[in-house]
Amino acid sequence: MSGGSHSAVLLEQAVDGLNVRGDGCYVDCTFGRGGHSRLILARLGKAGRLLALDRDPQAVAAAGGIDDGRFRIRHGRFGRLAELAAQDGITRADGILLDLGVSSPQLDDPARGFSFRHDSPLDMRMDPGGGVTAAQWLAAAPEQEIREVIRNHGEERFAKQIAAAIVAARARGPVGTTRQLAALVAEAVPTREPQQNPATRTFQALRIHVNQELEELSLALPQCLELLAPAGRLVVISFHSLEDRIVKRFLRDNARADRLPRRLPVRASELPPPGLRLSGRAVRPSAAEVAANPRARSAVMRIAERTGALIG
């Protein structure tokens with residue numbers, strides 16, 4: 001299965017959060033299978049523009065089904081947002097959306113190696129055209145590095161035992177398939193969380209590391225701020241605490257006016273104005289959406305609006 005269906009999480013809420021103007025310019029940094037993009041296009045007028053990005057060539061191919069002169073797709077990581085937007089002559093955007101994490105088609109395609117539900121090569125790359133696979137990284141990484149990745153990116157308390165099991169197994173032969181890795185983790189983890197496969201956190205950790213997901217997010221957020229026009233909206237949907245922590249901290253820091261060192265003799269009126277204004281509280285999927293799409297259960301959406309303040 002090379003395609004797969006994908007239900008965009010918080011679809012209406014995310015596009016509502018963008019506050020789409022008919023003649024506006026918008027960027028969907030994570031096209032996936034185009035759920036958010038299609039709804040943005042439905043709300044745009046004839047003069048509107050939408051640029052979509054995705055690092056997965058299968059997602060870019062799926063975008064070929066959108067025959068609309070207002071729409072353009074670019075293949076690339078959103079950590080290159082400014083560069084990719086400039087290639088389309090976009091220097092200001094009225095709204096930017098990031099729907100983070102892995103998509104259902106990626107999880108459901110055995111050839112991609114994201115899931116332990118299939119026995120497949122341990123790949124996990126969002127862009128199969130570049131970078132090392134999870135299997136290649138596990139074959140070469142020192143035990144301490146494996147332990148740190150699993151602990152830090154998977155928030156796995158048994159990271160030490162899992163890393164030791166992987167290193168012991170690779171001495172006998174390559175750890176090259178998803179089921180092989182899942183079995184190793186199951187043997188190494190002494191207790192299991194209810195209704196969760198013991199390998200869940202390890203697979204999450206390897207995927208995040210192989211794709212440098214947190215680094216890409218940290219690169220993209222300042223570029224979003226730079227690209228947004230005054231009153232433009234930034235909408236970010238996160239699926240685990242590591243992503244949400246980065247997003248929450250970035251939005252909070254850029255919504256504060258008092259970022260100068262303490263005790264400086266500066267009046268409140270002289271403080272540099274913040275670059276962002278937070279828009280409401282974090283939004284989570286309804287019980288009905290989670291029931292219809294269980295993968296939505298951990299989603300958290302945050303929205304901020306660009307002020308007119310200068311940056312830098």
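Reader: Of the 312 residues of the chain, what percentage count as buried?

Author: The model is predicted, so local features need pLDDT of at least 70 and side-chain atom pairs count only at pLDDT 80 or more, whereas totals for chains, interfaces and linings use all residues. Residues are numbered from 1 along each chain as its sequence is written, and side-chain values use heavy atoms, with hydrogens and water left out. Buried means under 20% relative accessible area, exposed over 50%, and partly exposed in between, with a 1.4 Å probe and protein chains only. By that definition, 50% of the 312 residues count as buried.

Reader: What does the secondary structure of the chain come to?

Author: Helices (H or I, at least four residues) and strands (E, at least two) are DSSP runs, numbered from the N terminus. Here there are 13 helices and seven strands. The chain has a radius of gyration of 21 Å, close to the 20 Å of the globule rule for 312 residues, so it is as compact as a globular protein of that length. The radius is taken over C-alpha atoms, and the rule is 2.2 Å times the number of residues to the power 0.38.

Reader: Which residues touch the most other members of the largest nonpolar core?

Author: In soluble globular proteins, nonpolar side chains tend to be buried together. A nonpolar core is a set of buried Ala, Val, Leu, Ile, Met, Phe, Trp, Tyr and Cys residues joined through side-chain atoms within 4.5 Å. In the largest core, of 33 residues, L122, L138, I146, I162 and L181 touch the most other members. Two or more residues each come from α6, α7, α8, α9 (178-188) and α10, and the largest share, seven residues, comes from α8. A second, separate core of 32 residues includes I208, L217, L225 and L276.

Reader: How many aromatic pairs are there?

Author: A pair of aromatic rings is described by the distance of the centres and the angle of the planes. Rings of Phe, Tyr and Trp (its six-membered ring) pair if their centres lie within 6.5 Å; planes under 30 degrees apart count as stacked, over 60 as edge-to-face and the rest as tilted. The count is two. F31 and F71 have ring centres 5.9 Å apart and planes at 45°, so this pair is tilted. F31 lies in the loop between β1 (25-28) and α2 (35-43) and F71 in strand β3 (residues 71-75), so the pair ties together parts 40 residues apart in sequence. For F116 and F203, the centres are 5.2 Å apart and the planes at 85°, so the pair is edge-to-face. F116 lies in the loop between α5 (104-108) and α6, and F203 in helix α10, so parts 87 residues apart in sequence are tied together.
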